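Please consult the sequence and the structure shown here while reading.

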Amino acid sequence: MTTHKERIQACLNNERLDRPPVALWRHFPVDDQNPKSLAEATLQFQSTYDFDLVKVTPASSFCAKDWGVDDVWMGDTEGTRRYTKRVIHTPRDWEDLPVLDPTVLHLAAQLDCLQFLRAALGTDTPLLQTIFSPLAQAKNLAGNDTLIAHLRLYPEAVMKGLSIIAETTRRFVDACLATGIDGIFYAIQHAQASLLSSEEYQQFGLVYDETVLQPAQGLWCNLLHLHGHDVYFSVLDSLKFQIVNWHDRETPPTLAEAQNLFSGVVCGGMRQDTLVYRNSAEGQEEAADAIQQTNGKRFILGTGCVVPVIASHGNISTARKSVE
């Protein structure tokens, strides 16, 4: 019997598969405020659906709280928390951020979560830790409007802050390796034409991405998530990833087009809204179309982002069974 790890590895190597891999992930609001309860919720989700990889989804604030931000759960359907306190208000605030070690409270708690998950899952199921890009973390520290304004008015100050964030995150990624993860899920949110020009992303994004990703280069299952619309898919020319995930049903390229642009594995095929608002037959149609686009090769069935917490069990189960 093929293990999840063997199936993902065969997919990465473009070898013959017993079936296409499938992976969905979601937030676990309230549970995500404690490392053990987040691990237990993640394991429960995995035991219910038996996906081919487990992507750990802490609240986005896990990597920012040790700098002083705060947030609250208010029932957002994606399971995300709303920020109630930012720590960047003036340009000088970027330069005053300290570099943090992975031993600080919230980063250390996430390492505990990973150790708990690795021990419980064993080694036959790939385990991926979510890592937010320095720009994504900067957005949470300042708010997106403040970040964009400072980036254009006070670029040197912002770049100093991004360098500090990148070094902190690099140290955390390095510490994650000791927990036995198979890869990182690297979330880039600002490689969108509606937010930054391509030149701006080159200047304020890529150089810091490269710093963060350095310790993960030896991992075999790294997944890049390009969030949003009109994404700069070309960042894959500069960053080395085995798998890429984006909102393929809502923004170019299609899965088929992407396979001509990228030699690795594409992950997607289903809309988040389909899992919430549509019936199982429509979900099956999307999954079948995605498999047809890719011939079931170099492909993992998933959504463009997290599964909303209001998605039905029936629709998630249909997505899982659609690859059988």
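## Strand pairing in the sheet

Glutamine 129 has isoleucine 184, in β5, as its bridge partner. The model is a predicted one: local features require pLDDT of at least 70, side-chain atom pairs count only at pLDDT 80 or more, and totals for chains, interfaces and linings use all residues. Residues are numbered from 1 along each chain as its sequence is written, and side-chain values rest on heavy atoms, with hydrogens and water left out. Helices (H or I, at least four residues) and strands (E, at least two) are DSSP runs numbered from the N terminus.

The open sheet contains 7 strands in the order β1-β4-β5-β6-β7-β8-β9, with parallel pairing; two strands pair if DSSP finds at least two bridges between them. Its edge strands, each pairing on one side only, are β1 (54–56) and β9 (299–303). From one strand to the next the twist averages 25 degrees. Strands of a sheet pair through backbone hydrogen bonds, either parallel or antiparallel.

β1 pairs with strand β4 (residues 127–132) in the parallel sense over 3 bridges, and valine 54 stands opposite leucine 127 in β4. Helix α4 (residues 105–121) packs on the sheet and touches β1 and β4; its direction makes about 160 degrees with that of β4. Here contact means heavy atoms within 4.5 Å, and axes are lines fitted to C-alpha atoms, for helices over the stretch in contact, with angles from 0 to 180 degrees between N-to-C directions.

Alanine 187 stands opposite histidine 225 in β6. Between β5 and β6 the chain passes through helix α8 (residues 198–213) in a right-handed β-α-β crossover; with the strands pointing away from the viewer, right-handed denotes a clockwise path from the first strand over the helix to the second.

## Buried elements and the core

In strand β5 (residues 183–188), 6 of its 6 residues are buried, that is, under 20% relative accessible area, where exposed is over 50% and partly exposed lies in between (1.4 Å probe, protein chains only). Gly183, Phe185 and Ala187 point one way from β5, and Ile184, Tyr186 and Ile188 the other way. Helix α5 (residues 134–142) has 8 of its 9 residues buried, so this helix is largely enclosed by the rest of the structure.

The largest nonpolar core has 105 residues, and Trp94 and Leu226 have the most contacts inside it. Such a core is a set of buried Ala, Val, Leu, Ile, Met, Phe, Trp, Tyr and Cys residues joined through side-chain atoms within 4.5 Å. Helix α7 (residues 155–177) gives the most to this core, with 9 residues. Among the residues touched by tryptophan 94 are Ala138, Ala142 and Ile164.

## Two buried polar residues

Asparagine 245 is found in strand β7 (residues 243–246) and is buried, with a relative accessible area of 0%. A polar atom of its side chain lies 2.8 Å from the backbone oxygen of threonine 303. Residues that asparagine 245 touches include Trp25, Phe185 and His225.

Arginine 81 is found in the loop between β2 (70–72) and β3 (82–85) and counts as buried at 15% relative accessibility. The side chain of arginine 81 makes a polar contact with that of aspartate 71 (3.2 Å). A polar contact is a pair of N or O atoms within 3.5 Å; within protein, one must be able to donate a hydrogen and the other to accept it, and residues adjacent in sequence count only if both atoms are side-chain atoms.

Notes. Lists of a residue's contacts leave out its neighbours within four places in sequence.
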